[in-house]
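Here are some notes on the structure below. Please read them with the coordinates open.

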Amino acid sequence: MTSLSARKLSGECPFWLDGAFGLKEDAHGMYLCARRRYRELPRHFIQFHKLTLSNVKKICQALENDKDPSKEILFQSNELVIDQTNQFQCPFSKYNNQSPKMENSIVRPCRTIKPKLPHTLCYHLVRDHGMARSDAKNLMYKIRINGQTLT
Ligand SMILES: [Zn+2]
Ligand SMILES: [Zn+2]
């Protein structure tokens, strides 16, 4: 496989399924996407799923070899697969200037300064702000899209 063919790889993203290629929401901090096709899967893996380049290559290789994501395990549960530089500040932190406007602000402001990894932030929203898990995930989705840095 050349890197050029990987860049052009298109198809259905396997990560609408929790546990595809062994990647789990809870263990790896994977954020699941909608079940749909993408023209440039590697780009989607990096930009949306925040996977590191070496892992993207590994996944693309498996996809090119027609491996079944629901059966093939590429990653162990303790492996770091998400780009650790992508961290986000709590949207309710009083130190966050870019807080999204909340329609019903039942959530109290918090004092966390340190940005968190997406899945840690998601847990923080549920645990410390009493958000429903589905609401926290929706909010995380907005944060990730807004905070997306294009390199
Ligand atoms: Zn996806
Ligand atoms: Zn907070």
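This is a predicted model: local features need pLDDT of at least 70, side-chain atom pairs count only at pLDDT 80 or more; totals for chains, interfaces and linings use all residues.

1. Start with the extent of helix H4. H4 runs over residues 53–64 and has twelve residues. From its first C-alpha to its last, H4 reaches 16 Å. That is close to the 16 Å expected at 1.5 Å a residue.

2. Next, burial in H4. Asn55, Val56, Ile59 and Leu63 are buried. Seen down the axis of H4, the buried residues fall within an arc of 105 degrees, so they line one face of the helix. Leu53 and Ser54, on the other side of H4, are exposed.

3. What do the buried residues of H4 pack against? Their partners are strand S1 (11–12) and helix H3 (41–47).

4. Check the residue after the helix. Asp66 follows H4. The phi of Asp66 is positive, near 55 degrees.

5. Now Ala136. Ala136 sits in helix H6, which spans residues 133–146.

6. Last, the surroundings of Ala136. Leaving out residues up to four places away in sequence, Ala136 touches Cys122, Leu125, Val126 and Met131. A separate distance concerns Tyr123, which lies 13 residues from Ala136 along the chain. The C-alpha atoms of Ala136 and Tyr123 are separated by 8.2 Å.

Conventions: Residues are numbered from 1 along each chain as its sequence is written. Chains are lettered from A and ligands numbered from 1 in the order in which they are written. Helices (H or I, at least four residues) and strands (E, at least two) are DSSP runs, numbered from the N terminus. Two residues are in contact if their C-beta atoms, placed from the backbone, lie within 7 Å. The expected span of a helix is 1.5 Å times one less than its number of residues. A residue is buried if 20 or more other C-beta atoms lie within 10 Å of its own, exposed if 12 or fewer, and partly exposed in between; C-beta atoms are placed from the backbone. The arc is that of the directions from the helix axis to the C-beta atoms.
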